[in-house]
Amino acid sequence: MEPKSAVPLKKTGAGNAVRPQVAADSAAYVDSGKPAVISAERFSFFYGSKCGVNNVSMDIRTGSVTAIIGPSGCGKSTFLRSINRMNDLIPNTRTEGTLAVNGCDVYDKRTNLINLRQQVGMVFQKPNPFAKTIFENIVYGPRLQGVRSKRRLSEMVEKCLRDSAMWDEVKDDLHKSALALSGGQQQRLCIARTLATKPNVLLMDEPCSALDPIATARIEDLIAQLKGTYTIVIVTHNMQQAARVSDYTAFFCLGELIEYDRTDKLFTNPAKKATEDYITGRFG
Amino acid sequence: MTAHMANEIQKLKSKLLFLCSLVEQSLWKSVKSLRQRDGQLAKEVIDEDVVIDQNEVDVEEECLKILALHQPVAIDLRFIVTALKINDDLERIGDLSVNIAERSEFLARHDPVPTPFDFDTMARITQQMLRDSLDALVNTNCALAVKVLKDDDHVDAINKEMYDQVKQAIIDHPQYIESLIHLLSVSRHLERIADHAVNIAENVIYMVEGRIIRHKTEEYQ
């Protein structure tokens with residue numbers, strides 16, 4: 001018997017595609033009722049003839065934290081990387097359907113990639129600071145955007161480091177090499193560097209998988225602080241992490257979006273058997 | 001689910017089922033001691049409650065261990081939460097059986113009251129409700145759980161009837177007032193046991209369907 005509160009499914013335009021939408025009664029969430037900042041409509045992504053993401057329709061709401069979970073090779077990273085076209089350099093790929101950020105189609109020919117990636121920042125699995133000073137790492141983006149004033153750049157550095165909760169740790173070492181920082185600090189510096197271009201979406205691809213539990217906890221705290229101001233999409237293999245940090249969770253399997261719902265609902269009473277089997281470790 | 005957690009959950013299930021059997025037996029003995037005016041059997045129920053209490057603590061510790069070490073989700077989480085709650089209900093049913101045994105010990109030591117009171121129907125329905133709720137748990141059978149919810153109305157009605165009968169008997173035979181009050185208590189204890197069986201049934205429905213139907217069981221039926 002399917003619970004009454006199961007995800008409402010709505011037919012989209014033509015074809016048989018259905019769009020899993022998050023339950024509308026999530027009054028407890030600050031983002032309830034806010035518009036979608038990322039909107040996929042029957043979006044598919046192909047590597048040659050192999051389908052990496054298959055016919056996914058989902059809206060990601062402004063200011064929310066959305067976790068994408070699923071077994072290896074299920075398309076979660078491909079979907080995440082599609083949002084700011086990180087897959088462009090892979091030869092022989094193509095997309096179908098639409099994927100929009102702030103209402104603009106990401107894969108439209110007229111899309112300005114630089115603008116897109118300013119709006120949609122990304123943090124990777126392994127911290128990848130530039131081999132420069134902490135200060136230079138953060139001002140790199142704003143400089144490219146044409147900010148020259150030293151005072152403004154300094155203010156930006158302080159703001160970004162404060163926002164990424166590491167100002168107090170590094171304020172006296174701004175001109176030391178970023179590579180001298182610990183792994184956890186480097187990852188937070190990467191987040192700070194991303195914040196410097198004033199994005200409204202942050203994509204995180206397993207941001208804690210190379211970090212110890214304490215550094216992981218700091219990144220998770222940081223996600224909680226950034227929530228509301230930024231829309232965060234996080235891919236993680238750590239189910240407890242998905243449950244802890246996210247408002248909504250999407251479960252992908254074999255390139256398809258199987259279930260997308262409020263995190264508390266999905267982890268206590270998932271609507272789909274496949275989701276339940278995956279999160280309880282019965283397969284995958 | 002890792003083999004490790006599967007083993008732990010299996011162990012918890014066995015412990016919970018063992019507690020179920022102890023509680024069922026305790027209720028059965030207390031009702032029998034009342035029916036047969038058997039003070040010795042009643043004393044057995046009172047003495048054996050300590051075993052139920054110990055098992056209740058064991059089940060709770062097992063649940064907490066699984067929660068802390070394995071962080072279960074979905075059906076596994078709902079099972080652990082259900083086990084924790086049912087554990088409380090079972091322990092309370094054990095205590096209420098002791099209460100019935102205490103009354104029957106008293107009644108066995110005193111002359112039988114002249115008005116015959118028929119506890120058989122009430123005890124039979126209550127015992128069946130407990131058995132059904134536990135079967136529903138074992139077989140994850142929601143239909144059986146729903147039956148338990150419905151049967152409770154019957155027990156409530158008999159309890160109310162019993163109150164009127166005892167009131168009349170006190171007027172008719174005031175010299176038996178103490179025994180009559182004890183009999184009324186037995187009726188109330190049985191009614192409370194039926195309520196705990198209902199709680200168990202509601203928790204089984206939560207475990208299977210993930211819906212909390214407490215306080216709105218009428219809508220559910």
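Which residue forms a salt bridge with Asp195(B), and how far apart are the closest N and O atoms? Arg192(B) is the partner, and the gap is 2.9 Å. That pair gets its own close-up below, along with several other spots in this predicted model.

**Figure 1. The whole model, before zooming in.** This is a predicted structure, and the scores that go with it are ipTM 0.73 and pTM 0.79. Chain B comes with a mean pLDDT of 93, and 98% of its residues reach 70 or more. Within chain B, H3(B) has the highest confidence, at 96, while helix H7 (residues 217-220) has the lowest, at a mean of 70. Chain A has 10 helices and 12 strands. Of its 284 residues, 52% are buried. Take the contacts in chain A with a separation of 6 or more: 68% of them join residues 24 or more positions apart. Chain A exposes about 13100 Å², and carbon and sulfur atoms supply 52% of that area.

**Figure 2. The largest nonpolar core, in chain B.** There are 62 residues in this core. Those with the most contacts inside it are Leu12(B), Leu90(B), Phe117(B), Phe119(B), Met129(B), Leu190(B) and Ile200(B). Six helices of chain B give two or more residues each: H1 (3-35), H2 (39-70), H3 (74-109), H4 (120-139), H5 (142-172) and H6 (177-209). H6(B) gives the most, with 14 residues.

**Figure 3. Who touches Leu190(B)?** Setting aside neighbours within four places in sequence, the contacts of Leu190(B) include Leu27(B), Val31(B) and Ile100(B). Phe119(B), Met122(B), Ala123(B), Thr126(B) and Val155(B) are also in contact with Leu190(B). There is a second, separate core as well, with 49 residues, among them Trp167(A), Leu174(A), Ala196(A) and Ile279(A).

**Figure 4. A nonpolar patch on the surface of chain A.** Three residues make up this patch: Phe130(A), Tyr140(A) and Leu144(A). Together they have about 310 Å² of accessible area. Phe130(A) sits in the loop between strand S8 (120-123) and helix H3 (134-144) of chain A. With a relative accessible area of 31%, Phe130(A) is partly exposed.

**Figure 5. A salt bridge between two helices of chain A.** Here the side chains of Arg188(A) and Glu169(A) meet, at 2.9 Å from N to O. Arg188(A) belongs to helix H6 (residues 183-195) and Glu169(A) to helix H5 (residues 167-170), so the pair ties together parts of chain A that are 19 residues apart in sequence. Over all chains, a search of the whole structure turns up 32 salt bridges.

**Figure 6. Asp151(B) and Lys147(B), a pair within one helix.** These two form a salt bridge whose closest N and O atoms are 3.2 Å apart. Both residues lie in helix H5 of chain B, four residues apart, which is about one turn of the helix. Asp151(B) is partly exposed, with a relative accessibility of 21%. Lys147(B) is partly exposed too, at 37%. As a general point, side chains of opposite charge can pair when their charged atoms come close.

**Figure 7. Back to Asp195(B) and Arg192(B).** This is the salt bridge from the opening question, with 2.9 Å between the closest N and O atoms. Both residues are in helix H6 of chain B, three residues apart, again about one turn of the helix. Asp195(B) counts as buried because its relative accessible area is 16%, and the cut-off for buried is under 20%. Arg192(B), at 37%, is partly exposed. Elsewhere, salt bridges with shared partners join Glu8(B), Lys11(B), Lys15(B), Glu62(B) and Lys65(B) into one network.

**Figure 8. Lys50(A) and a 33 Å separation****.** Look for Lys50(A) in strand S4 (residues 50-61) of chain A. Its relative accessible area is 52%, so Lys50(A) counts as exposed. Gly63(A) is 13 residues from Lys50(A) along the chain, and the C-alpha atoms of the two are separated by 33 Å.

Technical notes
Residues are numbered from 1 along each chain as its sequence is written. Chains are lettered from A and ligands numbered from 1 in the order in which they are written. This is a predicted model: local features need pLDDT of at least 70, side-chain atom pairs count only at pLDDT 80 or more; totals for chains, interfaces and linings use all residues. Side-chain values use heavy atoms; hydrogens and water are left out. A nonpolar core is a set of buried Ala, Val, Leu, Ile, Met, Phe, Trp, Tyr and Cys residues joined through side-chain atoms within 4.5 Å. Buried means under 20% relative accessible area, exposed over 50%, partly exposed in between (1.4 Å probe, protein chains only). Contact means heavy atoms within 4.5 Å. Patches are made of residues with over 30% relative accessible area and no salt bridge: like charges are joined within 9 Å, nonpolar side chains (Val, Leu, Ile, Met, Phe, Trp, Tyr) within 5 Å. Accessible areas come from the Shrake-Rupley method with a 1.4 Å probe; for residues, only the protein chains shown count as cover. A salt bridge is a side-chain nitrogen of Lys or Arg within 4 Å of a carboxyl oxygen of Asp or Glu. pLDDT is the predictor's confidence in each residue, from 0 to 100.
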